[in-house]
Amino acid sequence: MRASEFHRAVAAEFGQQYGRALLRDLVIDRLGTRTGDQALAAGVPEREVWLALCEAMEVPVERRHGVGLPAPRHH
């Protein structure tokens, strides 16, 4: 998961402002009792932060995979 995909996924699931607030403020045990922003700054991969955030916020499993990907290009 690329950084751009990660940020699209967070915005799509939680909304732009609420998603930013979650990354900044929500301490997640699975991330070593860090926030998403702190984990990303420490080098934790975006995919791991995304899945930990989804788990903490009880996002249904079917909405955790494949989000954030850009729409396919048609030639």
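Visitor: Is the crossing of H1 and H4 left-handed or right-handed?

Guide: The crossing of H1 and H4 is left-handed, a label given when the near helix is turned anticlockwise from the far one by less than a right angle, clockwise being right-handed. The model is a predicted one, in which local features require pLDDT of at least 70 and side-chain atom pairs pLDDT 80 or more, while totals for chains, interfaces and linings use all residues. Numbering starts at 1 along each chain as its sequence is written, and side-chain values use heavy atoms, without hydrogens or water.

The pair belongs to a chain with four helices and two strands (DSSP runs of H or I, at least four residues, and of E, at least two, numbered from the N terminus). Read from the N terminus, the order of elements is α-α-β-β-α-α. Of the 75 residues in the chain, 32% are buried (under 20% relative accessible area; exposed is over 50%, partly exposed in between, with a 1.4 Å probe and protein chains only). Contacts, meaning heavy atoms within 4.5 Å, can also be sorted by sequence separation. Among those between residues at least 6 apart in sequence, 49% join residues at least 24 apart.

To return to the pair, helix H1 spans residues 3-14 and helix H4 residues 46-56; they pack at an angle of about 15°, and their axes are 9 Å apart (lines fitted to C-alpha atoms over the stretch in contact, with angles from 0 to 180 degrees between N-to-C directions). H1 is therefore roughly parallel to H4, the cut-offs being under 35 degrees for roughly parallel, over 145 for roughly antiparallel, 65 to 115 for roughly perpendicular, and oblique for the rest. From H1, Ala 3, Phe 6, Ala 9, Val 10, Glu 13 and Phe 14 make the contact, and from H4 the partners are Glu 46, Val 49, Trp 50 and Leu 53. Eight of these residues are nonpolar, none is polar and two are charged (nonpolar: Ala, Val, Leu, Ile, Met, Phe, Trp, Tyr, Cys, Pro; charged: Asp, Glu, Lys, Arg; polar: the others, Gly among them).

On the H4 side, the buried residues are Val 49, Trp 50, Leu 51, Ala 52, Leu 53 and Cys 54. These buried residues of H4 pack against H1, H2, E1 and H3. Leu 51, which lies in helix H4, may be taken as an example. Leu 51 is buried, with a relative accessible area of 18%. Apart from neighbours within four places in sequence, Leu 51 is in contact with Arg 30, Arg 64 and His 65.

By class, the contact of H1 with H2 holds seven nonpolar residues, three polar and one charged.

Within helix H2, residues 16-25, the buried positions are Gly 19, Ala 21, Leu 22 and Leu 23. Their cover includes H1, H4, strand E2 (34-35) and helix H3 (36-41). Thr 35 lies in strand E2. At 6% relative accessibility, Thr 35 is buried. Beyond its neighbours within four places in sequence, Thr 35 is in contact with Leu 23, Arg 24, Asp 25, Leu 26 and Val 27.

Two backbone positions complete the picture. Most residues other than glycine have a negative phi. Thr 33, not a glycine, has a positive phi of about 55°. Thr 33 is found in the loop between strand E1 (27-28) and E2, and is exposed at a relative accessible area of 52%. Glu 58, likewise not a glycine, also has a positive phi of about 55°.
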